[in-house]
Structures are given as structure tokens and as C-alpha cells.
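Let's take a walk through this protein together, starting with one residue and then stepping back to see the whole chain.

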Amino acid sequence: MIVQDHPNFCNMPEDMRYYRPEHFGAGFIEKSMVFLLPERLRKFRRNLWHVRRNPGDDAVYMPLFRVNCVLPSEPAPVGLQGPFDVYPFYTRTTKTRSRELDYYVLFVFRDRMSWMRCKALLEKP
């Protein structure tokens, strides 16, 4: 996988959680979700992005928008349910009539040092 303009990226940790509305509205459902970022990753909350695959045969992904994040030390978002486990929510594929939608949530980095620090923290339980 290649993320456009971001040479380094990391997947979400398995202990990541999220809040969601009772009923999702129309459109891209992740815009209404708030992710609960583990405290150890607090410095990387601005690096968590929704990305989607560009149309075409090459596997180049482009950042769509930054994920809304809260930390466990912050109050829970008002009007949202949860927190829920991110997995298995992100193991399902979204489909339209014509094609599968290839979306991910990734920590994306332009500089190697930030990526290395985040990767080391993701490997800790």
C-alpha cells in the first residue's frame, strides 16, 4: 500500500475503540464517529486519517480527512454510544452496487522519526 504524499503509515492498534451515533445518517459514516485513542498514542492524534484507494489499478491511497479523536482522560462525547471495539467493525468491506469501497483508518506520517516513535508505541501492549 502507498499513501499519497505520506511515505510512512501504521495501522490502528487493536485496543483502539470508538463512539458512534445510535443511527448512522446518509453518507460516509465515519464522519459521525469519534475514536478513543489509547493514552500512549496521544501525541499522534493529528496523524490519524481516513484514507481511500484512488480509482485505478495501482494501490495508491489518498488521505480524506482527519479522524475525530478523544483520549480516555477526556469526557466521553455527548450523544454518542460506546465505546465499542474497533475490530471487528473494520474487518467488514463496504460495497456499493458497482464496486467495493476501499477505506482505511491509518496513522500517516511525512517524517520517518515520528513514524518510528509511533510504530514502537503500537508494538507495546
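In which helix is Ser-114 found? Look at helix H2, which covers residues 112-123: Ser-114 is there. Helices here are DSSP runs of H or I with at least four residues, strands are runs of E with at least two, and both are numbered from the N terminus.

Before going on, keep in mind that this is a predicted model: local features need pLDDT of at least 70, side-chain atom pairs count only at pLDDT 80 or more, and totals for chains, interfaces and linings use all residues. Residues are numbered from 1 along each chain as its sequence is written, and side-chain values use heavy atoms, with hydrogens and water left out.

So is Ser-114 buried or exposed? Ser-114 counts as buried because its relative accessible area is 13%, and buried means under 20% (1.4 Å probe, protein chains only). Leaving aside residues up to four places away in sequence, Ser-114 touches Phe-44 and Phe-109; a contact means heavy atoms within 4.5 Å.

Now zoom out. The protein has two helices and 11 strands, and 38% of its 125 residues count as buried. Take the contacts between residues at least 6 apart in sequence: 71% of them join residues at least 24 apart.

Next, find the open sheet of four strands, with order S7-S4-S3-S8 and mixed pairing. Its edge strands are S7 (69-70) and S8 (81-85), each pairing on one side only. Two strands pair if DSSP finds at least two bridges between them. S4 (residues 34-36) runs parallel to S7, with two bridges, and Phe-35 stands opposite Cys-69 in S7.

Terms used. Buried means under 20% relative accessible area, exposed over 50%, partly exposed in between (1.4 Å probe, protein chains only).
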